[in-house]
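Subject: Structure handover

Hi,

Here is the structure I promised to pass on. Please open it first, then read my notes below.

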Amino acid sequence: MKKIATLLAATAIMSTFAFAASAKTLVYCSEGSPEGFDSALYTAGTTFDASSRTVYNRLVEFKHGGTEIEPGLAESWEISEDGLTYTFKLRPGVKFQTTEFFTPTRDFNADDVIFSFERQYKADNAWNKYVEGAAWEYFAGMGFPELIKTIEKVDDLTVKFTLNKPEAPFLANMGMDFASILSKEYADKLQADGKMAQMNQMPLGTGPFAFVAYQQDAVIRYKAHAEYWNGKQKIDDLVFAITTDAAVRAQKLKAGECHIMPYPNAADVADLQKDENLTVLEQPGLNIAYLAYNALQPPFDKAEVRKALNMAINKQAIVDAVFQGAAQIAKNPIPPTIWSYNDAIEDDKYDPEAAKAALEAAGVSGLKMKVWAMPVSRPYMLNARRAAELIQADFAKAGVEVEIVSYEWAEYLDKSKAKDRDGAVLLGWTGDNGDPDNFLDTLLGCNAVGGNNRAQWCNEEYDALVKKAKITSDVAERTKLYEEAQVVFKREAPWATLDHSVAYGPISKKVTGYHMDPLGIHRFDGVDIAE
């Protein structure tokens, strides 16, 4: 993506902040840089905000501020009685964005849908490995290669998905970022020109904003899609001002240099709430922060070792220090705001002496390990370095020596997936669709090992429960299965569950139409700003 920096000099890009007089410009102080702009290749919310939720659409969408599905590029759909066939009626007259680098000659149709999905699972598709190391992590981790039997074009405005088995969360999954629809016409042109990598650098879709330019680690510029099917946006220009330091984001917001910021430091929230020019939105987060051991590497391949380490962590101290109390201790791998949460489960008791004794009983002494700390703020973990330092001190009391390591965000996400990764990694998750499957299978299923399953943990008993829940349509039965799966999880302890945070969203009072989202999405369609 460094090539994109040549599209626009830094001085020209920064001049974006000066043309609000002639156009409505909204500046979003983003917390990090996107890994790329083809959202199906990635799993990070930072990347989704910059790609799938600005440039692209999906067949179905989540309503603003909720988890309810509504029509998107498909204006309607039919599901067969056996739950194996989904037929989507596509919206006619949808225009792709016209940009400086591509002018479409046709409207969105069934070919674009088939292209967008087939490239993710057909090994003989020219686009399957167009980016080095492409693993289509979400698509693969959720079992879609095994789930999808066929995708057929019935006609230009009708697409039929046939599944190998029923999948209760399938429709909700289709609203997720990996299911974004790209232009096959644009892809064909890039392939013919020998410029396929450009798909991940200069995106083009049907969404509310068209990509203009990206200066690496500094600024992303978008313009309103003039022919957007749901109406041109009131914002003319959207700017992502990449600002990794939360304190600096807060300063920029207070100074009027940006209008919306994510993930403030907990210590800054009170000050932001006092500012008469700002509104601080808040809601319980649909999230989890965790420390994932590598269950493939000794001694973390033993449940008794993982359980012992969990007893050494003072989770309340993390909640107090990192969140100023604006979070709650996590005992399960799903948040209490999602259905099927098993409240009957008892959490690991904080007891460093018992932890030390349990490690010795497991034959572990003098353990040295690494704890990975994220370099960016996330809603579920505002300051991973501070959390890692607290865990380091806790583990020392149990006789465990910890080295804290970190990497640049994209590298961190990539390296942490390795099956031979050393130590334990701090990470977390904000739900993508409001379904327990999005946590319990996506993060911990056997099919996600080497991808979203950072614990590299495959337990047959657990996996059978969550896989059965996937094909069960009865919500009461699914709830029972997920509750049982949480019991297995707690017994086996592939993670130390840390916290569920309260999410804060500070915005300028000039901004209207912006909603906090339980899915952790930052969307700018429907947003306006007073001049």
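Strand S11 (residues 278-284) is joined to S17 by seven bridges, and the two run antiparallel. Strands pair here if DSSP finds at least two bridges between them. Helices (H or I, at least four residues) and strands (E, at least two) are DSSP runs, numbered from the N terminus.

Before the rest, the ground rules. This is a predicted model: local features need pLDDT of at least 70, side-chain atom pairs count only at pLDDT 80 or more, and totals for chains, interfaces and linings use all residues. Residues are numbered from 1 along each chain as its sequence is written, and side-chain values use heavy atoms, with hydrogens and water left out.

**Strand S17**

Back to S17. Opposite Pro 506 in S17 stands Val 280. Strand S12 (residues 287-292) also pairs with S17, in the antiparallel sense, over four bridges. Ala 289 has Asp 499 in S17 as its bridge partner. Strand S13 (residues 327-329) runs antiparallel to S17 too, joined by three bridges. There, Ile 329 has Asp 499 as its bridge partner.

How much of S17 is buried? Of its 14 residues, 13 are buried, so the strand is mostly covered. Buried means under 20% relative accessible area, exposed means over 50%, and partly exposed is in between (1.4 Å probe, protein chains only).

Ser 501 sits in S17, which spans residues 495-508. Ser 501 counts as buried because its relative accessibility is 2%. Its side chain reaches the backbone oxygen of Pro 379 at 2.5 Å. That is a polar contact: a pair of N or O atoms within 3.5 Å, where within protein one must be able to donate a hydrogen and the other to accept it, and residues adjacent in sequence count only if both atoms are side-chain atoms. Leaving aside neighbours within four places in sequence, Ser 501 is in contact with residues including Asn 287, Phe 323, Pro 379 and Tyr 380. Contact means heavy atoms within 4.5 Å.

**Cores and H13**

Which residues have the most contacts inside the largest nonpolar core? They are Phe 88, Phe 161, Met 381 and Phe 395, in a core of 151 residues. A nonpolar core is a set of buried Ala, Val, Leu, Ile, Met, Phe, Trp, Tyr and Cys residues joined through side-chain atoms within 4.5 Å. H13 gives the largest share of this core, six residues. Another core, of 15 residues, lies apart from it; Val 27, Ala 241, Leu 253 and Ala 326 are among them.

Met 381 has contacts beyond its neighbours within four places in sequence, among them Ala 289, Phe 323, Leu 498 and Asp 499.

Arg 385 lies in helix H13 (residues 384-397). Arg 385 is partly exposed because its relative accessibility is 42%. Neighbours within four places in sequence aside, Arg 385 is in contact with Ala 373 and Ile 404.

**The four-stranded sheet**

An open sheet is formed by four strands in the order S1-S10-S9-S8, with mixed pairing. Its edge strands are S1 (25-28) and S8 (209-215), each pairing on one side only. From one strand to the next, the twist averages 20°. S9 (residues 219-224) and S10 (residues 237-241) pair antiparallel over five bridges. Lys 223 has Asp 237 in S10 as its bridge partner.

Asp 217 lies in the loop between S8 and S9. Its phi is near 60°, a positive value in a residue other than glycine. Asp 217 is partly exposed, at a relative accessible area of 45%.

**Helix crossing**

Helix H10 (residues 303-311) and helix H17 (residues 475-492) have axes that come within 8 Å and cross at roughly 85°. That makes H10 roughly perpendicular to H17. Axes are lines fitted to C-alpha atoms, for helices over the stretch in contact, and angles run from 0 to 180 degrees between N-to-C directions. Angles under 35 degrees count as roughly parallel, over 145 as roughly antiparallel, 65 to 115 as roughly perpendicular and the rest as oblique. Ala 303, Arg 306 and Lys 307 in H10 meet Lys 490, Arg 491 and Glu 492 in H17.

**Backbone notes**

Pro 298 and Pro 299 are joined by a cis peptide bond, with omega about 0°. Pro 299 is in the loop between S12 and H10.

Best wishes
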